[in-house]
Amino acid sequence: MRGSTACRAPRPAAPVAVAPVRRRASLTVARVASVQAGGTPAAQQQQQQPAAAADADDAYARARHLAEAAVREGRSHPGLELPEVRGRRVAVVARATKETRVEVRLDLDGTGRCVANTPVGFFNHMLDQLASHGLFDVYVSAEGDTWIDDHHTVEDVALALGAAFAQALGDRAGIARFGEFTAPLDEALTHVVLDLSGRAHLSCDLAIPAARVGGFDTELVEHFFSSWAGTSGTTLHIRQLAGRNSHHIIEATFKAFARALRRACEADPRRGGRVASSKGVLTQQ
């Protein structure tokens, strides 16, 4: 039976405009929209908000339909319409294989809203921690071959989510780049340091006592972060400083990860929109 966190669906912020995007789509279809534009008078903005939000929802629905059709039929699609959200960094990723079908929507400049709808209940709970403590708006829908185990589902959600972060960050100009946080949960304490460098690396030192939390295989915690780091282009270090309860250790890790990632994604006002690198780039493309 499919699990689902009890949190609200993310909705793109108004005002928005729909712009055509021509981008090749294959088994993974992704696009980010990030637009800087002038302000709107407050009264006019309030008046336009309901219609703009509805337009954004329609655009996302069309984008999802095109992406799902493309991945379902194993073909490329020549064009994809996605909303251009003023001043916000958003991404939509659809991924389908013989093992899973995943859709991710992400708004880096959100308020912590989340819908995590996968067959893995404990994993949904951890995705909610990522959204809530990172102040990201996250929508994840996934189906997978969980009659085998949860491995493919968790892995492919991580791959799609990492790709969404990479797309939403764009060229990573103006961001802080580095993030660090130490989070406690009762007796557990986890330290996370990360660098949105464009280079994928994971160093994970967790000692989780139990093999399972509920029905969740705790080996998948490290595999989630490894997969996410790979597609997001992030150097990620995780250290458990204390803890005996497996649930507490894992949840403290996701909370620390979310807080560190939030810091790294935020704008550095002194940077003035420049890339935080002496070589001038933070991506490998």
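Author: What follows sets labels against their definitions. This is a predicted model, where local features need pLDDT of at least 70, side-chain atom pairs count only at pLDDT 80 or more, and totals for chains, interfaces and linings use all residues. Residues are numbered from 1 along each chain as its sequence is written, and side-chain values use heavy atoms, with hydrogens and water left out.

Reader: Why is Glu 143 called partly exposed?

Author: Its relative accessible area is 44%. Buried means under 20%, exposed over 50%, partly exposed in between (1.4 Å probe, protein chains only). So Glu 143 is partly exposed.

Reader: Why is Ser 227 called buried?

Author: Ser 227 has 7% relative accessibility, so the label is buried. The residue sits in helix α4, residues 219-232. Helices (H or I, at least four residues) and strands (E, at least two) are DSSP runs, numbered from the N terminus.

Reader: What is Ser 227 in contact with, leaving aside neighbours within four places in sequence?

Author: Glu 155, Ala 158 and Leu 159. Contact means heavy atoms within 4.5 Å.

Reader: What makes Cys 114 and Cys 265 buried?

Author: Cys 114 has a relative accessible area of 0%, so Cys 114 is buried. Cys 265 has 1%, so Cys 265 is buried.

Reader: How many disulfides are there?

Author: A disulfide is a pair of cysteine sulfur atoms within 2.5 Å. By this rule the count is 0.

Reader: How do you know that β6 and β7 pair?

Author: Two strands pair if DSSP finds at least two bridges between them. Strand β6 (residues 114-117) and β7 have 4 bridges, in the parallel sense. Cys 114 has Val 138 in β7 as its bridge partner.
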